[in-house]
Every structure is written in C-alpha cells, then in structure tokens.
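Dear colleague,

I am passing on the structure below, and after it I set out what was found. Please read the notes with the model open beside them.

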Amino acid sequence: MFPASTHALAIEGASAVEGIAIGRAIPLLRITTSTKPESAAVTPELERARLTAALASAEAEVALLVDALPEAEAELFAPEIEILRSLAPMLEARIAAGASAAEAVEAEAVVGGPATAASDLILDAGVRLIAALAGRGSEVHRVRAALAALDGEVHDDVVLVAHDLPPSIVASLPARVVGIIASDESGQGHTSHAAILARGRDVPLAFVSAHVIAQIQSGDPIVVDTTNDPARVWISPTTSLLADARARRTAWAATQTDDDRQSLEHLGVAVHANIGSFHERIPRATEGIGLFRTELAFAGRAACPSARELEIALMVVARRARGESVTVRLFDAGGDKPLSWIPAPPDAPDARGMELLFFHDRVLAIALGAIAGARRAGAAVRVLLPLVRSVRDVADVRALLPADVEVPVGAMIETPQAVEMARAIAAAADFVCVGTNDLAALALGADRATHAKHALDAQLLDLVRRIVDAAHDVGRRVTVCGEIAGDDDAALALVGVGVDSLSASPSRACSVRRRLARATRGECASAARVIFARTA
C-alpha cells in the first residue's frame, strides 16, 4: 500500500453516491483548447469535413457502448446519438462564423457551453467529439493510460479525479477505480447520468469545487467519505486518519450486509424505504421503496424531465430495489416544495398536490407516461397521487393512464377532509398511503415541518385508525409514509391500530424493522392504548 504522510487536508463536498474509498489519485486533465492540437490550416471547408468525420466516429462509439452495457444502463446512452445529430447544425454555424471544429464543440458542449446544463450526455457527446478531432482514443483510454502510468509496480486501488465527468468514463471504469471526485459545474449533481451509473456500481462519488480538483496530484493518497453530509475528502491522509478510514470502511461495508431481513410475519406488516434522490441507499432489509419523492429528485431542474428521461431514471431505481415494489409519487409541488416548472396559477396560488398537477396537464402526462413505460418494461412501479381531494382525482388519473398496461394507483390521504372520504377514496384506489406530515399539521393547526418531527399523539393516531378501518372495509392495504413512521415507538402504535406497512428514511427503516421484529401484536396494541390514554 501507499505510505501515509504526516499531514492531511480535509475538504468538504456534496455526496452523490454513499461509501468510503481509499486509494491513489488519478487526475484527468481538463478538456480545453489548451489541450487540443491546433489545426494547421483552419478553413470552413476543412473544419466541416473534420467535424463530419468526428460525428460519425462519435456515433459509432456510442453504438458500441450501448451494445456492450446491460439493458438498463444502455438505455441511459440511447439519447446520445440524437444529441450528436442535434448538435451538428449548431457546430456548423460556429464553423461558418470562423471557429475551428474543436472551438465549436467546446463552446457548445464541453466547458461552460450553453447546452451543458441540460444534460451530462451533452458533455459526453462533446468529449467524444474532442477526442475524435484530436485523433486520439476515447476518454476511457485516458483513464487506462493514467492507470498504467501511475505505478507499474504497485497495484493500489485508485480514486478518479476529474473536472468533467462524462458518463462514458463511469460506464467503463476498470475495477481498480474505487472512488470518484469531480466538480459539478452543470449543477446536476446526484441526478446526473454519471452519478446514476456510479450508484449502480457502488462507487463512492463526491462533488467538490473546481479549485480543489486542481490541487490533487497524480499518485496522491486520497480518502473519500460520502457516508455523511457533507462528504469529506482527505488529500495525503495521516497514518492515524488512514487507519481510521479503513476501520470506518469496514464498518460501513458491514451495514450494507447486516440488514438481514428479520421476519415480520408474526405482525403481518412490511417496512419500506422513502427516498428523495437517486443516490440514497436502499437497505436490503426493506421491502422496496414505499415512497419515491420525484419532486425532490428533480428539484434542481429548470424544466420538467422528459418522459424518456424519467422512465430511465425509474428503471434504474427499480433495479436498485432488487425487484421489490417502487411506489412513485407524482410531482408533489407547491407549498414548501415549489418547482419552477409547476407554478401555481394566479387564481389558485395555494394549489398543491393533485390540484396543482391538473393545472399542468403536460407535466402530469409526462409523469404518467414514464411510469407506464417503466411498468411496461418490467419494473415493479406503481403510481401514488399526492394530496388526493376526492374519488374524482383517482378516477381522472386512471383515465389518463395507457390502456395497454396495468398500473396500480394509490391515493395519499393527507387532509382531514380526505379522512372523511377515506372509504370511498380507498375503494377507488388500489392502495392507500397516509401522509402524516401534512395530516398532523392540518388537523392540529400547526406548522407542517414542526409536526413532522413531533411524537405521535392521540388525535393523529385516531385519524390514522379511521383511515385504516375505512380502507380495510374495502380490502385495501394502508402504508404510513410520513416522518413519524421512522420513530421506533410510534411504529409500534401505528401497527397497533392496524397499519399494514411503514415507509421511513433509509437511515431509520432498519431500526424500525428491528424494533418490530422483537415486538408482539399485544405490545403493538398496548403502545397504541398508551397514546390514546394520554388524552383520556
């Protein structure tokens, strides 16, 4: 192994894929005009010819990559061929204005180009074109060349360090690359294609500022810890820090395997995970994803994702859920979760949930089409409607779903008014979820965020019991997916009033499951009685 130095520099960053990586640094030079050869005779005709050849080469590379990858990952790159074709007229226009082919590509697709914020697939396409114009191999070859140059005698694990992180690099990483540090100038972070691919390979990924990337030298010992927020990176760690990192890595690895699924058959309940991004860990002890908050996963976007982009994202999440059910909540915007591309109309400034989505029929159609597409492709996804107001919300969504695929439709009951209609809403839906954050705030007349963290009280527990009784009357299962589901004691009481499943954050789901595994039905019923007795 590499020797540890006597000093260490700790840097904070953003975690995109959880884990701990220890290895030598392989920095990749930034793709800029200074690293590209100058054309001897720049004429529009010559540059157009060079561009045409580069476009053909890049398309061929993408086609080979798509053929080589597993289906779910190959689908991530499928749009890149169309991206290359759509870039062509913009690049030709720049060449006509006097730019070289390389300068045109850089301006449009590589470093700070106007299109790069839209998708890192555009960056991927641009990097391919630069490599073809420079007459060298792909970026993957650069990684392998850097590996070979690092140290021919020592085969340590390595950490890739990059200003630009094209998805193709992540898709083709050698096994020795155990971590990645990158800058995130596109602002996509954990929703980028590169991050999705790293997540599927369990390669820890941290985003740091560009000036930090510039400090790291080839062969520098590196520790990357993305298991906490913020992520931390150490350059040249001390001996003691390195030993501590190894111990934490071992402990972290154990948490990924010790989530043994203790049986809950004696209670007849299930425990699911809530996620709000693509990078969150899905514990193996959970029975899939009980709530995928799509509005959080795409909150940083300036525009609604396309149906194809959302469908691919759902396929990746479904694969990470290992075939278990994934409950996909439609974009729940408004209130304390504004999305710029789902604004409330002037005549309904307080619109939220399904009310707001029906004002944006295109966004609703995109989301439903993506969910149906993922279902059609074999993903165990189902749709969940936020802040359902009545049976009509459920019926109207069913009418919008394609007829050729059966998509289970769930209704979130989150208001006192919906509680009064719980039986009818449950009968119209395939399953019911109770959003206790909003329900507590609205029923108890207080701030939503404050009540999300409060202990379960008798009034809220009684509302949950009424929903459970109404849903069970018509044969529907009930999940509680609010923050209260992640409290061990509250979980007992919720099961005590008949809740069928609980969905909590990944950090809490395993704890809840372990607590329930040790409990009896009698203890759960007793926990509910204790809460009711507090106001008796």
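In strand S4, Val177 is the bridge partner of Val158, where strands and helices are DSSP runs (E, at least two residues, for strands; H or I, at least four, for helices) numbered from the N terminus. This is a predicted model, in which local features need pLDDT of at least 70 and side-chain atom pairs count only at pLDDT 80 or more, while totals for chains, interfaces and linings use all residues. Residues are numbered from 1 along each chain as its sequence is written, and side-chain values use heavy atoms, with hydrogens and water left out.

Strand S3 (residues 158-162) runs parallel to S4 and is joined to it by 5 bridges, pairing being assigned if DSSP finds at least two bridges between two strands. S4 also pairs in the parallel sense with strand S5 (residues 205-207), over 3 bridges, and in S5 the bridge partner of Ile180 is Leu205. Of the 6 residues of S4 (residues 177-182), 5 are buried, that is, under 20% relative accessible area with a 1.4 Å probe and protein chains only, where exposed means over 50% and partly exposed in between.

Gln262 lies in the loop between helix H9 (239-257) and strand S8 (270-275), and counts as partly exposed because its relative accessibility is 30%. Leaving aside neighbours within four places in sequence, Gln262 is in contact (heavy atoms within 4.5 Å) with Arg513, Arg514 and Ala517. The C-alpha atoms of Gln262 and Ala517 are separated by 6.2 Å, although the two residues are 255 residues apart along the chain.

With regards
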